[in-house]
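I opened the model today to look up a few local features. My notes follow, entry by entry.

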Amino acid sequence: MHAIAIQHYGNPEVFTEEVLPTPAITETQVLIEMYATTVSSADQLVRSGAFEELMQLQFPHVLGVEVAGIVRAIGKNVSRLKVGDRVMGLSRSGGGYADFLALEENSAVVIPLELSFQEAAALPAAALSAWQSLFQYGKLHPGQRILIHAGAGGVGHLAVQMAKQHGAYVLATAREYNHEFVRQLGADEVIDYTTTDFAEATGTVDIVLDMVRETSIDADTGIGATEQKNLQILRDNGRLISLVDPLITNHPKVRGIEAQFAYIEPNPKDLASIIQQVREHKLKVHVEEIFPFTMQGIVGAHNHYETRKVRGKLVILRQG
């Protein structure tokens, strides 16, 4: 099968075209023919080597944690999915940048006919990250005040919609040119983090959903500048949920604030809840741009992602 892989860590130019064996499936897996995948923050972090100490890769490694396509084979213990199903799924180990990938049945869900493959591919990691961060880790309640960083991003633009639908008062950070977009998603207040100190503009909040990679970290405490400001605005016993810093739980506890790294796990119940929200028009994924499943397309998509000016999701579409 055709695959686009990395042979080592580095910038987007590290991708190479490969011919790899079609994955063999286990008794609990399905073989999915990939029709669409994405560039996610996980793909970028793994490719760059930022997660090298957390994930030991065997090269060549195929990225692509989000996928939509058609089931072409099933393991003998698979009961919920069948050959020919249109599905979307989350593969924590990657594999989406290839013609086929093997996926556990519980990591995929059938998608309705009205949902395109490109829209479906943009949902699994981003929507699960938003859903589980808000409700499993954040335990968000109606009426609470929540600050969502990067409100126009892949996870952020979905989290804003989910939090607002749940009755929260939503504050979000975004560049000024994204403010109207984020307001239309449901944010009550939008803060331009490039010109305004969000810690001075938000007031006290119950929950912070953080997706900011720290650039300045205190050598003694290990706490970054953004995290320090997050702690500053949180009420006593509030919740700080990070999608980027697995070490946050090791940091000193402040005023009873529960700091957690959201370790996102695919499961059919949460995926089905997300699909239902889409079908009821309560949740809409924004696809900013579609790239072809070619070397040039994937390199271009990763380069665009690194500009940090992406609104919503970048999708990679396989033709034929």
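**Entry 1: isoleucine 111**

I started at isoleucine 111, which sits in the loop between strand 7 (108–110) and helix 2 (117–121). Helices (H or I, at least four residues) and strands (E, at least two) are DSSP runs, numbered from the N terminus. The model is predicted: local features need pLDDT of at least 70, side-chain atom pairs count only at pLDDT 80 or more, and totals for chains, interfaces and linings use all residues. Residues are numbered from 1 along each chain as its sequence is written, and side-chain values use heavy atoms, with hydrogens and water left out.

Is isoleucine 111 buried or exposed? Isoleucine 111 has a relative accessible area of 4%, so I noted it as buried. Buried means under 20% relative accessible area, exposed over 50%, and partly exposed in between (1.4 Å probe, protein chains only). Not counting residues up to four places away in sequence, isoleucine 111 touches Arg86, Val87, Met88, Phe117, Ala120 and Ile275. Contact means heavy atoms within 4.5 Å. I also checked glutamate 53, which is 58 residues apart from isoleucine 111 along the chain; their C-alpha atoms are separated by 35 Å.

**Entry 2**

Next I traced the strand pairing. Strand 3 (residues 29–39) pairs with strand 4 (residues 66–74) in the antiparallel sense, over seven bridges. Two strands pair if DSSP finds at least two bridges between them. Isoleucine 32 has valine 71 of strand 4 as its bridge partner. Strand 4 also pairs with strand 5 (residues 86–90), antiparallel, over five bridges. There, glycine 69 is bridged to valine 87 of strand 5.

**Entry 3: helix 3 against helix 8**

I then looked up how helix 3 (residues 124–137) packs on helix 8 (residues 268–279): the angle is about 100° and the axes are 10 Å apart. Helix 3 is therefore roughly perpendicular to helix 8. Axes are lines fitted to C-alpha atoms, for helices over the stretch in contact, and angles run from 0 to 180 degrees between N-to-C directions. Angles of 65 to 115 degrees count as roughly perpendicular.

Which residues make the contact? Helix 3 brings Pro124, Ala127, Leu128, Trp131 and Gln132, and helix 8 brings Asp270, Leu271, Ser273, Ile274 and Gln277.

**Entry 4: glutamine 144**

Glutamine 144 is in the loop between helix 3 and strand 8 (145–148). Its relative accessible area is 13%, so glutamine 144 is buried. The glutamine 144 side chain reaches the backbone nitrogen of histidine 141 at 2.8 Å. Leaving aside neighbours within four places in sequence, glutamine 144 contacts Lys139, Ala168, Tyr169, Asp206, Ile207 and Arg235.

**Entry 5: helix 4**

How many residues of helix 4 (residues 156–165) are buried? I found eight of its ten buried, so helix 4 is mostly covered. Among them are Gly156, Leu158 and Met162. Just after helix 4, glycine 167 takes a positive phi of about 90°.

**Entry 6: backbone checks**

I finished with the backbone. The peptide bond from phenylalanine 59 to proline 60 is cis, with omega near 0°. Proline 60 lies in the loop between helix 1 (41–48) and strand 4.

Alanine 150 has a positive phi near 55°, in a residue other than glycine. Alanine 150 belongs to the loop between strand 8 and helix 4. With a relative accessible area of 33%, alanine 150 is partly exposed.

Asparagine 237 is not a glycine, yet its phi is positive, about 65°. Asparagine 237 lies in strand 12 (residues 234–242).

Key:
Parallel < 35°, antiparallel > 145°, perpendicular 65-115°, else oblique. Polar contact = N/O pair within 3.5 Å; in protein donor to acceptor, adjacent residues only side chain to side chain.
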